[in-house]
Structures are given as C-alpha cells and as structure tokens.
Amino acid sequence: MKQTVVTEDEKSHCFRLNLTDRGTIKQELLRMGWPVKDDVPMIDGEPLEINLREKTLSGRDFVLRQYQKEAAQAIVGDKGPGTGFGTIVLPCGAGKTIVGMTVMDLLKTSTLIVTTNISAVHQWIDELIDKTNLTRDDIAEYTGENKTIKPVTVATYQILTWRPEKDGPYPHFSLFRKRNWGLIIYDEVHTLPAPVFRVAAEIQAIRRVGLTATLVREDGCEGHVFSLVGPKRYDVPWKDLESTGFIATAECIEVRIDLGEEKEIEYAVADLRKKHRIASENPKKPEFVKTLVEKSPNDKILVIGQYLSQLDELSKMLGCPIITGKTPNEERDKIYADFRSGAIRVLVVSKVANFAIDLPDASMAIQVSGTFGSRQEEAQRLGRILRPKERKSRFFTLITRNTVEEEFGSNRQKFLAEQGYQYRLVRCKEADELSEVLDGEQLCLN
C-alpha cells in the first residue's frame, strides 16, 4: 500500500500533501469522523463544444424538467472552488442520463462516462446522439469488444477492473489518464467497484458526478463514494416525482407461498445459504408466475431472479426469451429492442438487468428470487417499471412463507418504505387465489 506523506507548513499554519493523495486523506479523515470540505479548484480539461438539442433526432421537442436543470446546476455551481463534484440521487426513470448530459452541456469539456455494462454503454451513446449535437464520430466505446478513445468515451466498470493476473495491476486504469478529461461521470455510482476507489482517489482535481437512484451499498462503503466522487448535491424523493407524473405510480405486493412438503426436510437440515436457495427456488413459484402472466394480458412483464436454473425453467414454461450474463451482447440488445417495440411481452432476466437498462413500457415485474436482503437490488428492480406511463405499475415479489427468504424480504422492504411505498402483504395457498390479489382484495396472512 502506497504511503501518504503529509508535511506541516509552519509559516502558513497548514499541511501540505501530494495532489494524488488528496482523496486518500479525505477517506481517512471521514473514517475518523472528520469529513472534509474540499475547496481546491478543479482543473479545466480539453474543451469540447457540446450542446443539447431543442428537438431530438426523431423530431420530438426536447425540454429539460426543472429538477433536471437544478440537479445539473447543483454540480456545476459557479465553477469556483468547492464546486464541480458531487452525487445526484434521482429515482429510476427520472432521467439521470439527461442530467449527466446537461452537466456536459454546461461544462463543455471532454468527458469520460463509466457505466455498468455494454447495453448501458450503447444506451448512453444512443442518448448522446439523439439529444446533443455530438455525432457518432465524437463518441468512443471502451469495453471488452472495442477499446477506442475519443472526446467523449463510454466505458464499463468491468473493463476497468479487469486484470490478467489476480494480484497484478489493472492495465485499463490508464484510461483515466489517456486524455485530458474535464469531466468524469460515474453512472450507477452505488456500484462503483472497490478497485476503482483507488484510482478515483488520485484524480480529485477532475470535475466528476455520480448518478444513482439509491446510494445504498451492502458493504457499507457509501462514505467512500461521498469522499471520492463527492457529497450528495441533489435529491428528489420518489413519491414527489410520482405525484407530478414524472415517474409511474407503483404498487408493491409481496405474495407469501407455502414451501412444498417435499422440500420441508431438506430445508430443515440445510445451512443458511442453502436454506435461502431452497426457499428461493420453491417449486410452487413457477405456477404463481404463470398465473400472474396469464391474468395480466395488457402488461409488459419482467420476470426477475437470481438463480439461472430457475430462470431457465421459467423461460421455457412461459415460452419467452431470457437474458443472463451469458447472453451475447448483440443478442441481448436485440431482445431489449424487441421488448421495447412490443414484439415480445414477457422477458425473463437475471441480475444483469438490475442496472442502467431503459425498458420504458415495462409495467409489471415479478421477482422470484434475489440477493439475500439487498435494499439496493430491490430499489433497482422496482426502477425497471417506473418509466412514466398511463397505467399503474405493479411489483410482485414471491416469498416462501416461514423461511429465511421472508426475513431477508423484510430488509429489502426498508428502502421502499423510506421512499413512501407501501407493501401489500398477502398469502396465497394456491395460484388461482391471485385473482383476488390482482383485483386489489387483501387476503389473510394467517
């Protein structure tokens, strides 16, 4: 580990440190309970003439919402000391990408955008071309498939944290220094991988913005994000945007199902991790998923889960496509496009669809399994159905009753409760009882 050297300047009654140690000191002081107010001026990067369009390429009027303008201005400020860095927290579907592009428009400088996966990279590129004066020649993709660098470059966290040897260096960290970037956008900043903390600590003089729907990390490293990317500058409660129609109205329903008798003994003798999987893969769940799909013919539905064998079974049963981490990127993009166009109505997805995927017409999500009690995951999965639409969105979670899955489920609900959402808790012994649930009737939990 690199040693950080701090020297005292007796004449000015202050301490001096290397610029590259600035982030490390901020991290350590935060850990000790002394958060730092950072007023060191940012450096200006390479200029880039980028402007938002008044009309998109498709001819539609493009008008910023007031909160999007305010969020971008909260980052840029007066461009003086203490401005130019921070975190923006907005619900999924509220247009965080547009906020990022607005910051680019205000700063007019070369920009590095880092996001979660290749599908998200392609979405960023499409949005930039559609809503700014940038052309395809101005934008580069830096991923496992393409490694080019242009005035605007969009990369994945995965390629940045790849290394040929387990204990070796990260060769693609050099991307942060390959160009005189004036702005770095960390998309879905709550997923910022721990190795990136190190390089983020060394580039504190570059303007930067983190975009997220929920700054919740199960590893407890939210403080690192605030100290290295920047403090929360702007936040809008989910329910506020729902009331104004900027995100969809959503209903959250947890359906509790009995564990099949054939699994009771296996569950009773299993360790905690195995118990979670047995409960998650309750053999009764597919029947409930099928019933929900059949009884919701007007919805575009995402079936979301954790375990690939379970998802494969559901995909075959429903006769619909499936997207997992193994799905080739070209095939993945085509399936997403078919879902957006209405060519397919039901799509089974693994956790790869948790982040940065724009499926605007999805109006129902059925969650069959999850990552233990992840609040972050719960918020992101709900976010997949929050794009504004006329019909109410519904978020179903299938939970095996009287198991650890029920306990983990209560933890995931905390975030949604904090945002003002109410869970309707129902118990169904048989799938045909779902008719009452879909009609809004409360069933007994006893």
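**First stop: the cavity**

The structure holds one cavity of 30 Å³ or more. The model in the viewer is a predicted one. The space inside the largest cavity amounts to about 40 Å³.

Next, colour three elements: α10 (272-280), β15 (393-400) and α15 (404-418). Each of them gives two or more residues to the lining of the largest cavity. Which element gives the most to that lining? It is β15, with three residues.

**Second stop: charges over rings**

Select Lys275 together with Tyr267. The charged end of Lys275 sits over the ring of Tyr267, at 4.4 Å from the ring centre. Then move to Lys131 and Phe62. Here the charged end of Lys131 sits over the ring of Phe62, and the distance to the ring centre is 6.0 Å.

The structure holds two aromatic pairs. For one of them, select Tyr170 and Phe173, whose ring centres lie 4.8 Å apart. How are the planes of these two rings set relative to each other? They stand at 25 degrees, so the pair is stacked; the cut-off for stacking is under 30 degrees.

Are these two residues buried or exposed? Tyr170 has a relative accessible area of 13% and is therefore buried. Phe173 is buried as well, with a value of 7%. Both conclusions rest on the cut-off for burial, which is under 20% relative accessible area.

Select Thr324, which is found in the loop between β12 (322-323) and α13 (329-341). Its relative accessibility is 8%, so Thr324 counts as buried. Now display what surrounds this residue. Leaving aside residues up to four places away in sequence, Thr324 touches Leu308, Arg332, Ser350 and Val352.

**Last stop: the whole chain**

How many helices and strands does the chain have? There are 16 helices and 16 strands. The chain consists of 446 residues, and 56% of them count as buried.

Contacts may also be considered across the chain. Among those between residues at least 6 apart in sequence, 72% join residues at least 24 apart.

Notes: Residues are numbered from 1 along each chain as its sequence is written. This is a predicted model: local features need pLDDT of at least 70, side-chain atom pairs count only at pLDDT 80 or more; totals for chains, interfaces and linings use all residues. Side-chain values use heavy atoms; hydrogens and water are left out. Helices (H or I, at least four residues) and strands (E, at least two) are DSSP runs, numbered from the N terminus. Buried means under 20% relative accessible area, exposed over 50%, partly exposed in between (1.4 Å probe, protein chains only). Contact means heavy atoms within 4.5 Å. Rings of Phe, Tyr and Trp (its six-membered ring) pair if their centres lie within 6.5 Å; planes under 30 degrees apart count as stacked, over 60 as edge-to-face and the rest as tilted. A charge sits over a ring if NZ of Lys or CZ of Arg is within 6 Å of the ring centre and within 35 degrees of the ring normal. On a 1 Å grid over the protein atoms alone, a cavity is a set of points where a 1.4 Å probe fits but cannot get out, and a pocket is an open set with protein on both sides within 12 Å along at least five of seven lines; lining residues have an atom within 4 Å of a point. Grid points are joined across faces, edges and corners, and a volume is the space filled by probe spheres set on the points.
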